[in-house]
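My notes follow the order in which I looked things up.

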Amino acid sequence: MRRRRIGTGLLGAGVGTAVLVTALAVPHPATAGPKVGQAVSGPTVGQAVSGPTVGQAVSGRTVGQAVPGDRSGGWQSGPPTVEPGDVRFARRTLRAGRPQEVGLLPEYVDRLRTDAEAYLTPTPDHPTFPTYAGAVLLAAKDGVVVRHEAVGTAVKYREVGPAPGRVGVELPADQQIPMRKDTIFDLASISKLFTTVVALRQVERGTVELDAPVVRYLPEFAAGGKEAVTVRMLLTHTGGLPAFAPLWSSYPTPQEREAAALATPFAAGASPGNQYVYSDLGLIALGVLVERVTGRPLEQLVATEVTGPLRMVDTGYNPAPALRHRIAATEYQPYADRGMVWGEVHDENAWALGGVAGHAGLFSTAADLAIFCQMLLNGGEYRGARILRESTVRDMLVNYNASLESRYPESDRGLGVELHKHWYMSGLASPVAFGHTGFTGTSIVVDPLSHTFLILLTNRVHPDRNWGSNNVARRALARDLAYATPVRPPMGGTAWRADDLDGGSVTLSAPLRRAAGRAAVASFQLWYDTEPRYDLLHFQTSADGGETWAPVDVTLVGPTGRWTAEGSVTGYGGRRWWQAFAELPTGTTDLRWSYTTDGTSRGRGVYVDGLLVVGTNGLLFSGEGSDATRFVPTGWTPSSR
């Protein structure tokens, strides 16, 4: 059996016993470390991802320069982190294939359709109305499309009854239109990603500077004291602009609405770079900015700079009437004198601006969006068309809002993209996982560590936005795809896995053979990935047979270093197994892992394996040997994946 030693001082007085435990423990197989393209590291809660403060230049870099990773000689001194420099791009062309070809578990991939169909009717987590009338999903890994499905209905309702019932009035059956794989959806705010790419292409060309004030390009933007707001602040939603203004109902012409958007003053109490407010107005301004710089309309820029080179044939603004039969209907809007919106943009401001705006207006299909996602996973290129430099894609994944995270926990953002959002990314989330959602019910999630993405397009506002969010479905499908990537126990066989639930507490206890004597050390293998701050795994000991519990520090050791968790872990765990050690207080009778979750959102989960406890008074617990049946699981089950 291969022996491994840990450095002296790792566990203080228990180091001698720790070496004994290490010698006895079954070592990791070679495959236990991270896969190629996976990083071994994620930030602590509130810790910056070695990015700049809001509004600050990125270490003197412009877009197009590399974002280096900092590994401090290859050894970490804190919880795992991952940075844009750790992402490995691989040029792939999309093709259909089976989940097994890319190492995915087919039963979890099959759940994607099952779970998508479940939300066509009321569910326990969305009980009053169906979550949506229909949906199209597409999941891919390593360039292989493992599932592309359509469920439900693209056009189902004629109108909505009055409040409080808000009952949907269905069209006659022969007038309803089933959802198809090539159904075209109003992307809503996913349009912002295309505005972002167009803007970043101008940054690469040197015609726009990220840290230049917006007024350099749009002098009228200075109204309301906004002279110091930069282009980067528009992309990271930190400029201090309000979230929304009813341009469509407040001004009579598109020209006046656009002028009003640019002249909008700061939100109350806001100042440049000092807060996070997700703002449509900021992206409206960015769309006007690129038009002004290039002298070309936004729809033409998106077509010639992005969708045309990528051959995204079903993507564009203001779809032709001949395509209406392929378009998913959205909302009944009698208040805007529009009736059931179908074939034109749902967002009232984008509609009032002529159907084209920086924040909304784009229509597309799942297949076209898959090309866009794969282009980003390829490092900005697809089938010979270079859209962005690799270094620009890395720049997009820097969390520029890290300094705001303690005050605005949902502020994690790169350039135009959302980062690390468990509320819709679920187990696919990581500090460099990126994506965006759209109000109409659309979303994309891209995990660059596993080269995986998930597209979910729904018409959740059809017939009425007040029927509720589709976040429950977004999380369910992201969770399915995350669980399709197996977590193999390092010793083979099974490991203990915490049950998958929201708003609960589950425990795994190990009663020792006898009370621990001096210098007792527990060793075990740990894999964890949880929602940061809200879902925690606690390490505990008891000296009275489990009547009371106290936290215990655990040192985690891996190929890139070691760090000590003070009683608990949360967040990104590096997507790898850790060798864990804990010094046990004299008199310890029991160990326990307690996993607590909040009411919504989860990560990939928590696994424990290979417990071994040794002290000066002998072997106290052998989880892989004679004590395997002595565990006391409450909400933990054996799992081989």
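The entries below go from the whole chain to single residues.

**Entry 1: the whole chain**

I noted at the start that this is a predicted model. I then counted secondary structure: the chain has 13 helices and 31 strands. I asked how much of the chain is buried. Buried residues make up 61% of the 641 residues. The accessible surface comes to about 22,800 Å². Carbon and sulfur atoms hold 53% of that surface. I also looked at contacts with a separation of 6 or more, and 73% of them join residues 24 or more positions apart.

**Entry 2: aromatic rings**

I searched the whole structure for aromatic pairs and got 13. I picked out Phe194 and Phe372, which are stacked. Their ring centres are 4.3 Å apart, with 25° between the planes. The planes count as stacked because the cut-off is under 30 degrees. Where do the two partners sit in the chain? Phe194 belongs to helix 3 (residues 191-205) and Phe372 to helix 10 (residues 366-377). They are 178 residues apart, so the pair links distant parts of the chain. Phe194 is buried, at a relative accessible area of 0%. Phe372 is buried too, at 1%.

I also found an aromatic cluster made of Phe129, Tyr157 and Trp467.

**Entry 3: charges over rings**

Next I looked for charged ends placed over rings. Arg497 has its charged end over the ring of Tyr483, 4.7 Å from the ring centre. Arg576 has its charged end over the ring of Trp578, and here the distance to the centre is 5.1 Å.

**Entry 4: helix 3 against helix 8**

I went back to helix 3 and asked at what angle it packs with helix 8 (residues 298-307). The angle is about 75°, and the axes are 10 Å apart. That makes the two helices roughly perpendicular. I listed the residues that make the contact. Helix 3 contributes Phe194, Thr195, Val197, Val198, Arg201, Gln202 and Arg205. Helix 8 contributes Leu298, Leu301, Val302, Glu305, Val306 and Thr307.

**Entry 5: helix 6**

Which residues of helix 6 (residues 254-263) are buried? They are Arg257, Ala260, Ala261 and Leu262. I then checked what covers them. The cover includes helix 5 (247-250), helix 7 (280-294) and helix 9 (348-352).

**Entry 6: two loop residues**

I took Thr440 next. It lies in the loop between strand 15 (434-438) and strand 16 (442-447). Is Thr440 buried or exposed? Thr440 is buried, with a relative accessible area of 2%. I set aside its neighbours within four places in sequence and listed its contacts. They are Asp186, Leu187, Ala188, Thr330, His346, Thr458, Asn459, Arg460 and Val461.

I finished with Ser426, in the loop between helix 12 (422-425) and strand 15. Ser426 is buried, with a relative accessible area of 0%. Not counting residues up to four places away in sequence, Ser426 touches Lys421, Arg475, Ala478, Arg479, Arg602 and Gly603. I also checked Ser426 against Arg474, which is 48 residues away along the chain. Their C-alpha atoms are separated by 8.3 Å.

Note on methods
Residues numbered from 1 in each chain as written. Predicted model: local features only at pLDDT ≥ 70, side-chain atom pairs only at ≥ 80, totals over all residues. Heavy atoms only, no water. Phe/Tyr/Trp six-rings, centres within 6.5 Å; stacked < 30°, edge-to-face > 60°. Helix = DSSP H or I, 4+ residues; strand = E, 2+ residues; numbered from the N terminus. Buried < 20%, exposed > 50% of the residue type's maximum accessible area, 1.4 Å probe, protein only. Lys NZ or Arg CZ within 6 Å of the ring centre and 35° of its normal. Contact = heavy atoms within 4.5 Å. Areas by Shrake-Rupley, 256 points an atom, 1.4 Å probe, with all protein chains shown as cover. Axes fitted to C-alpha atoms, helices over the stretch in contact; angles between N-to-C directions. Parallel < 35°, antiparallel > 145°, perpendicular 65-115°, else oblique.
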